[in-house]
Amino acid sequence: MSVAGYQLGIYIVYASVGIGLTIYLAKTLFKHGAVYLEDVFEDKPALAQAINRLLVVGFYMLNIGYTALIMKSDYTDTGIGAIEILSRKLGMLLISLGLIHFLNLTVFHRIRKRAKFVAPIPPPYYPMPPAQPSVKPT
């Protein structure tokens, strides 16, 4: 196989797996994130759905953008070299998907924590009565 053939194969496999993983993970996050956000915004289901969609769109943009950014690879003229390049690229992509997934979980956690926070009610304020002048008996 020619160098161009290996390179083209790397690009095709990498792009297919990268975009496929991103779509699969985004659908999973959307499905399970909806349940989580509905609990957080139980009185506002439309807001929960809107936030969930925005998070998934951001997930797509970050991951597909990163997939495209790291697509360029070194040239190789062997099948083993092509597999090594492909595994390194997919490994980098999977690590980035995992990091972005945990970033999403952190965002979900903070949203939930903020929505469930109940401010303590301060004790009532009772002003002190004015001091009475002390009268000394004469």
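This is a predicted model: local features need pLDDT of at least 70, side-chain atom pairs count only at pLDDT 80 or more; totals for chains, interfaces and linings use all residues.
Start with the overall outline. Along its principal axes, the C-alpha trace spans about 120 × 35 × 15 Å. The radius of gyration is 29 Å, whereas a compact globule of 138 residues would have one near 14 Å. Even so, residues 24 or more positions apart account for 78% of the contacts with a separation of 6 or more.

Next, consider the surface. The accessible surface comes to about 10,200 Å², and 70% of that belongs to carbon and sulfur atoms. Buried residues make up 26% of the 138 residues.

Now zoom in on Asn-52, which you will find in helix H2, residues 45-69. Asn-52 counts as buried because its relative accessible area is 2%, and the cut-off for buried is under 20%. A polar atom of the Asn-52 side chain lies 2.8 Å from the backbone oxygen of Phe-30. Beyond its neighbours within four places in sequence, Asn-52 is in contact with Leu-29, Phe-30, Gly-33, Ala-34, Leu-37 and Phe-108.

For a contrasting stop, turn to Ile-23 in helix H1, residues 3-40. With a relative accessible area of 34%, Ile-23 is partly exposed. Together with Ile-19 and Ile-64, Ile-23 forms a nonpolar patch on the surface, and the three share about 200 Å² of accessible area.

Key: Residues are numbered from 1 along each chain as its sequence is written. Side-chain values use heavy atoms; hydrogens and water are left out. Patches are made of residues with over 30% relative accessible area and no salt bridge: like charges are joined within 9 Å, nonpolar side chains (Val, Leu, Ile, Met, Phe, Trp, Tyr) within 5 Å. Accessible areas come from the Shrake-Rupley method with a 1.4 Å probe; for residues, only the protein chains shown count as cover. A salt bridge is a side-chain nitrogen of Lys or Arg within 4 Å of a carboxyl oxygen of Asp or Glu. Helices (H or I, at least four residues) and strands (E, at least two) are DSSP runs, numbered from the N terminus. Buried means under 20% relative accessible area, exposed over 50%, partly exposed in between (1.4 Å probe, protein chains only). A polar contact is a pair of N or O atoms within 3.5 Å; within protein, one must be able to donate a hydrogen and the other to accept it, and residues adjacent in sequence count only if both atoms are side-chain atoms. Contact means heavy atoms within 4.5 Å. The radius of gyration is taken over C-alpha atoms; the globule rule is 2.2 Å times the number of residues to the power 0.38.
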